[in-house]
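Colleague: I would like to learn how to read a model of this kind. Please take me through the features one at a time.

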Amino acid sequence: MVDFLAENNLCGQAILRIVSCGNAIIAELLRLSEFIPPVFRLKDRADQQKYGDIIFDFSYFKGPELCESKLESKPELQDLDEEFRENNIEIVTRFYLAFQSVHKYIVDLNRYLDDLNEGVYIQQTLETVLLNEDGKQLLCEALYLYGVMLLVIDQKIEGETRERMLVSYYRYSAARSSADSNMDDICKLLRSTGYSSQPGAKRPPNYPESYFQRVPINETFISMVIGRLRSDDIYNQVSAYPLPEHRSTALANQAAMLYVILYFEPSILHTHQAKMREIVDKYFPDNWVISIYMGITVNLADAWEPYKAAKTALNNTLDLSNVREQASRYATVSERVHAQVQQFLKEGYLREELVLDNIPRLLNCLRDGNVAIRWLMLHTADSACDPNNKRLRQIKDQILTDLRYNPKILFQLLLDTAQFEFILKEMFKQMLSEKQAKWEHHKKEGSERMTELADVFSGVKPLTRVEKNENLQAWFREISKQILSLNYDDSTAAGRKTVQLIQALEEVQEFHQLESNLQVCQFLADTRKFLHQMIRTINIKEEVLITMQIIGDLSFAWQLIDSFTSIMQESIRVNPSMVTKLRATFLKLASALDLPLLRINQANSPDLLSVSQYYSGELVSYVRKVLQIIPESMFTSLLKIIKLQTHDIIEVPTRLDKDKLRDYAQLGPRYEPSELMPKLKELGATMDGFHRSFEYIQDYVNIYGLKIWQEEVSRIINYNVEQECNNFLRTKIQDWQSMYQSTHIPIPKFTPVDESVTFIGRLCREILRITDPKMTCHIDQLNTWYDMKTHQEVTSSRLFSEIQNTLGTFGLNGLDRLLCFMIVKELQNFLSMFQKIILRDRTVQETLKTLMNAVSPLKSIVANSNKIYFSAIAKTQKIWTAYLEAIMKVGQMQILRQQIANELNYSCRFDSKHLAAALENLNKALLADIEAHYQDPSLPYPKEDNTLLYEITAYLEAAGIHNPLNKIYITTKRLPYFPVVNFLFLIAQLPKLQYNKNLGMVCRKPADPVDWPPLVLGLLTLLKQFHSRYTEQFLALIGQFIRSTVEQCVSQKIPEMPADVVGALLFLEDYVRYTKLPRRVAEAHVPNFIFDEFRTVL
């Protein structure tokens, strides 16, 4: 008969693929359970209020039209719904695909069973497959894995959360309308069961059997699988555990499968007393806490409570006298085994000869140790005992008392057993690899000894006083030939023959009185020793390694091991060499990966990589979590160094004048007008202490301390910037999508205390608060902000040097990025405001229309200009307050961006001048190439898929080689009256300002605050977002205003130049200066003699 798992056996390959798929689905469900978006749980009040109207459970299906119409009636809900869809559709789709694969799995299994019954697989029926060893295993596994999937889903992804995700997918996905969509079936299978994994939660009635029966499965198949599991040892595990008291451990995997599959036929649990007694007597006579899959534990005393037959059958096991007997037995066994293992682990004890002579003894010790560890870990685990269940608590207390349980001793037993197992395995692997070479070597040596003895008895060799004896000579020659004829490949015959040869050599020594000659005796003893070694060597078999692999299984502790983490960490802290022993324990734990990967590997499934990555990733995370204590201890010491570096040891500069030494030692506090500066200085000192301490320890611990410091600080700051910018994004970057967040070394998230999400946001808003143009006046020449009322300095460009010292380039760059988002938001708000208060206001539009008619054409001079302009301003007075606020906010942020760019550029030139020079040259070269391309399109230009321009921009911004005023922040449409509105706005603000020879334009009255630089930069930025013809028109209007007003003054013979004209001229001057455009741009609208002379008149 063809091997069941052969590639050409369709029947075997089909069920193997199903089982392989089942293991992969469980891994995906476990992986996804860690990424459930918290919003679907609707746990906190804020989420309920915000998303309660757009996240639905299955009640949605009762009236989808009603729910959707409710959404459509409120535009803000529609907007929120759309944003929610954009942010969550990817993860929701992934969950849906996992749920769909569970449904597809059971459909495929049912189809396979139907195909078997209908004779699709020639010569194969359900009965014949169950008679085959592999077939029997795979059919049992297929049903068991489906049960595990359902239990994992209910444990890890709560029912209500599942429903909300499925409804969200149904609403947001286009796939639902496709004909092959089985959305209804998936929803029926995975609707909420009412089960909750929270401690103390009540179990729903008929759970989980009603859940398991949602998709009908062939009853004959279920009962035949249960029959096989009851009667057979389907994995032949008993051979690895010959002792009767180890039987329940040998059959533990099968017991877990039976536990899950019994829920598909709950009548056995309820009423079949005899069957349940048989199951309990075979599988659970001495244990009642089992691991069902990769460390998911179940306490049968609790799980079987609602089932009469099961509960009655288990009562014998749970009888307190039996509990006491088992606990006492395992206490004794663990003490005895621990003493043995410690003896074996003594340096030099486990030698090759001892191992080969005592294989059964060593294996028995390993069996006892592993069985005891399994029983003790499972039955003392907190997760297996519900604290609210009095009976379970009583049983557990009884066990802890009888065991005199100490988790540290159990952990030590686990460590030592793992180490012993590891050493033994390595020795066996080594011996197996050298087996044949050693055997041949011993055979050659033994044969040569016999040949030499034959020569001795020939009388030719001058060995003292040995008479010639032809019989012995011939006999020894014959023995030498016999030794040479031993065949390595036929180990059984060779072993028998070797034993006979050893007996013959012992007899010849006695019968021929050869004892008198010591040298002959020595030769005979040596040969016997070589023959003994050959017998030992032939006994080294791979079966021993396989047995060790079976009995060393630690998959039951995949989750339980976590309860020993604190003990592991404490022992590492006390004794760092403990890490070598832990290595063996982690390798032992890694053997748990064989369980889910075996079938995936056999099926050559492409899922092998992702499943092995998931489980090995989990193991690596756990190892990392344990070993975290090493850097933690190191950083505890580092904190003391930081304290010294920051507070106690003051760095003296490399050169210092003698008379300044005293000043340096006594640092007096400086007057700081803003609270922000001292805080930044303090934080900067701490960060500098960290920085220097990392530098200081890197030579001692042989790691790149500074590299770690820079990488981690940049990661933390960039992550915080990213989270803060999420506030301004519609499609947010989730933690699992972030390139800065890590599951292994997560950056903590703190609850927000104000509108900012992170410290970067708070810092940015604090800077905006203290430089608010309503309260402060920015003097451009000094790069300083002064309080409008008190005229005290508030802050200056030193603030940005301080931020650079504290948060580094990443911090400043992040602040700059955040300001960009804020500018975009302000400009978008401005546009919606423009639409609302200008384009929808009839009177304002009429005024603008009248004004445009009066001033056309723009090259002309407006007669009676004062009256025309000021009547227009008066009629539009109500719109300027909001307008001014928006413009000033944008201008303020642009000033901050300029300051940041200056600071970044300065520090880049100072700290890495080669980078700065390279970037500047590359930038110039690129711009020259692009300009050349536009003049002659045949010349090269970066293609659309070329990321060069995008990447170089990031570098240029980080090095401060850019001009924030030239940025396009938003895309805009044509807006009617846009230039004239801005012109009116500007001349409406001019009366609030006055010219000061030293300071330029300053606010006239602090009660009506307007700050000139933010006003100019805000208008400039706003105009930059639109087509250049708007700017042209705007400048023409200002030019016309200046010419008309000057003309009116001349005709009325007023000698001084009006203040508004001075303001308009200064605006044009500043416009030219900030945009770095030639002066002729302004002179196109204002005669140059006015420009040249106006300052002399002032």
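Colleague: Which residues does Gln237 touch, not counting residues up to four places away in sequence?

Modeller: Contact means heavy atoms within 4.5 Å. On that count Gln237 touches Ala250 and Ile550. Before going on, note that this is a predicted model, in which local features need pLDDT of at least 70 and side-chain atom pairs count only at pLDDT 80 or more, while totals for chains, interfaces and linings use all residues. Residues are numbered from 1 along each chain as its sequence is written, and side-chain values use heavy atoms, with hydrogens and water left out.

Colleague: Where is Gln237 found, and does it count as buried or exposed?

Modeller: Helices here are DSSP runs of H or I with at least four residues, strands are runs of E with at least two, and both are numbered from the N terminus. Gln237 is in the loop between helix 10 and helix 11. Buried means under 20% relative accessible area, exposed means over 50%, and partly exposed is in between, with a 1.4 Å probe and protein chains only. Gln237 has 19% relative accessibility, so it counts as buried.

Colleague: What does Ala240 touch, not counting residues up to four places away in sequence?

Modeller: Ala240 touches Arg367, Thr547, Ile550 and Ile551 on that count. Ala240 is placed in the loop between helix 10 (219-231) and helix 11 (247-250). With a relative accessible area of 3%, Ala240 is buried. For a sense of distance, the C-alpha atoms of Ala240 and Asn923 are separated by 72 Å, and these two residues are 683 apart along the chain.

Colleague: How many disulfides does a search of the whole structure find?

Modeller: A disulfide is a pair of cysteine sulfur atoms within 2.5 Å. The search finds 0. Take Cys67: the closest cysteine sulfur, in Cys187, is 14 Å from its own, so the two are too far for a bond. Cys140 is in no disulfide either, and the nearest cysteine sulfur, that of Cys11, is 14 Å away. Both residues are covered: Cys67 is buried with a relative accessible area of 17%, and Cys140 is buried with 0%.

Colleague: Which residues have the most contacts inside the largest nonpolar core?

Modeller: A nonpolar core is a set of buried Ala, Val, Leu, Ile, Met, Phe, Trp, Tyr and Cys residues joined through side-chain atoms within 4.5 Å. The largest has 195 residues, and Trp304 and Tyr615 have the most contacts inside it. Helix 4 (residues 75-117) gives the most to this core, with 16 residues. A second, separate core has 108 residues, including Phe800, Leu839, Phe983 and Ala1064.

Colleague: What does Trp304 touch, not counting residues up to four places away in sequence?

Modeller: Among them are Tyr259, Leu262, Tyr263, Met276, Phe284 and Lys311.

Colleague: How do strand 1 and strand 2 pair?

Modeller: Two strands pair if DSSP finds at least two bridges between them. Strand 1 and strand 2 (residues 296-299) pair in the antiparallel sense over 4 bridges. Val289 has Asn299 in strand 2 as its bridge partner. The two strands form a hairpin with 2 residues between them, and Met294 in the turn has a positive phi of about 45 degrees. In a regular strand the side chains alternate between the two faces of the sheet. In strand 1 (residues 289-293), 5 of its 5 residues are buried.

Colleague: Which peptide bonds are cis?

Modeller: One joins Tyr207 to Pro208, with omega near 5 degrees. Another joins Ser856 and Pro857, with omega about -15 degrees. Pro208 is in the loop between helix 8 (183-190) and helix 9 (209-212), and Pro857 is in the loop between helix 36 (842-855) and helix 37 (865-875). Asn206 also lies in the loop between helix 8 and helix 9. Phi of Asn206 is near 55 degrees, a positive value in a residue other than glycine, and at 51% relative accessibility Asn206 counts as exposed.

Colleague: What average pLDDT does the protein chain have?

Modeller: pLDDT is the predictor's confidence in each residue, from 0 to 100. The chain averages 85, and 94% of the residues score at least 70. Over residues 665-673 the pLDDT is below 50, and this stretch has 8 contacts in the model beyond near neighbours in sequence.
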